[in-house]
Amino acid sequence: MSMASVREFLETRQIALYFFAVLLGGATAFLMAGTASWEAVINPALGLMLFVTFLQIPLAELRQAFGKVRFLAALLVTNFVAVPALVALLLPFAPADDIIRLGILMVLLCPCIDWVVTFAQMGRADSALLLASTPVLLAVQMVLLPVWLRLFLGEGMSRLVQAGPFLQAFVWLIVIPLCLAWLVQFWAQRASTGERVASVLGLLPVPVTALVLFIVIAAMLPHLGHETAIVAHVVPVYVAFALLAPVLGWGISKLFRLEAPAGRALAFSGATRNSLVVLPLALAVPGAAPLLPAVIVTQTLVELAAELIFIRVMLRLGARRV
């Protein structure tokens with residue numbers, strides 16, 4: 001079987017592979033409860049996933065994406081105007097507990113800067129635009145998250161936000177994988193060996209994404225612990241967000257008259273949150289464990305299920321204009 005046939009086989013069956021990875025991760029978390037810690041390998045696995053994703057984005061496309069000011073404006077409006085407004089509407093339906101609401105706000109107000117690029121690539125969105133926008137998304141959410149927390153919960157909660165986890169995630173999950181991808185692309189353009197290596201690496205996006213889903217599920221489920229009653233109360237909020245946020249992004253893309261791939265990228269960005277980056281912040285809040293991490297982990301699990309649906313929906317809408 002040729003590499004092209006293998007790649008086509010993986011891409012056409014990717015949703016089934018992802019569901020299997022999620023189920024396997026859940027079973028592993030249940031069977032190995034208390035015997036294994038998967039958190040340490042989440043970031044390396046994410047870095048590998050983003051590296052093989054970045055390899056699929058030609059450098060010329062990325063250079064062009066830096067000049068798309070209209071998309072950037074739409075992205076900022078979606079994530080820092082429309083999404084906070086949506087969260088404000090959903091928050092009254094959450095339990096009236098400051099720790100629970102802190103977790104909801106921390107995760108829903110921070111747009112994703114990592115695996116959203118991979119999911120957007122799989123959903124035939126313009127992933128180059130999203131990748132080029134990650135520095136802006138990172139900087140703005142770092143500045144605005146304390147403001148939102150102060151507005152929603154008071155000044156004390158705003159002091160819990162630290163820049164360290166955001167910057168660390170950006171370096172390890174965006175800068176380093178992107179530089180490595182550039183080096184491989186440069187090698188592939190100048191040597192047949194590099195071209196063969198790039199072709200082999202081109203088979204990995206689907207298997208590595210399945211691996212990441214497995215690891216995240218296996219690592220996150222134990223955090224829920226005995227907080228199942230609380231989880232039951234926050235799931236409807238997260239489900240409502242997962243349904244409404246991509247619609248907001250899609251609608252805003254129409255207002256800005258974006259092309260279809262850019263509109264799909266906006267929908268993915270609006271729906272995908274920075275849960276794996278804000279989780280260390282939650283773990284560092286004194287006296288907030290295990291409740292606060294459980295609230296954030298629940299959003300991660302809801303989002304993963306939603307992303308698998310988004311990919312399928314976006315692929316079906318691929319021939320339409322925004």
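The largest pocket holds about 340 Å³ of space. A pocket here is an open set of points on a 1 Å grid over the protein atoms alone, where a 1.4 Å probe fits, with protein on both sides within 12 Å along at least five of seven lines. Its volume is the space filled by probe spheres set on the points.

This is a predicted model, with local features needing pLDDT of at least 70 and side-chain atom pairs counting only at pLDDT 80 or more, while totals for chains, interfaces and linings use all residues. Residues are numbered from 1 along each chain as its sequence is written, and side-chain values use heavy atoms, without hydrogens and water.

Back to the largest pocket. Its lining, meaning residues with an atom within 4 Å of a point, has 19 residues, and Ile-42, Asn-43, Leu-276, Val-277 and Pro-280 lie nearest the centre. Two or more lining residues each come from α3 (42–54), α10 (164–190), α12 (205–224) and α15 (275–284); helices are DSSP runs of H or I, at least four residues, numbered from the N terminus. The lining has 13 nonpolar, 4 polar and 2 charged residues.

Now helix α5, residues 69–90. Its 22 residues should span 32 Å at 1.5 Å a residue, and the end C-alpha atoms are 30 Å apart, which agrees; the expected span is 1.5 Å times one less than the number of residues. At Thr-78, α5 bends by about 35°, taken as the angle between axes fitted to the seven residues ending there and the seven starting there.

Definitions and conventions:
Nonpolar A, V, L, I, M, F, W, Y, C, P; charged D, E, K, R; others polar.
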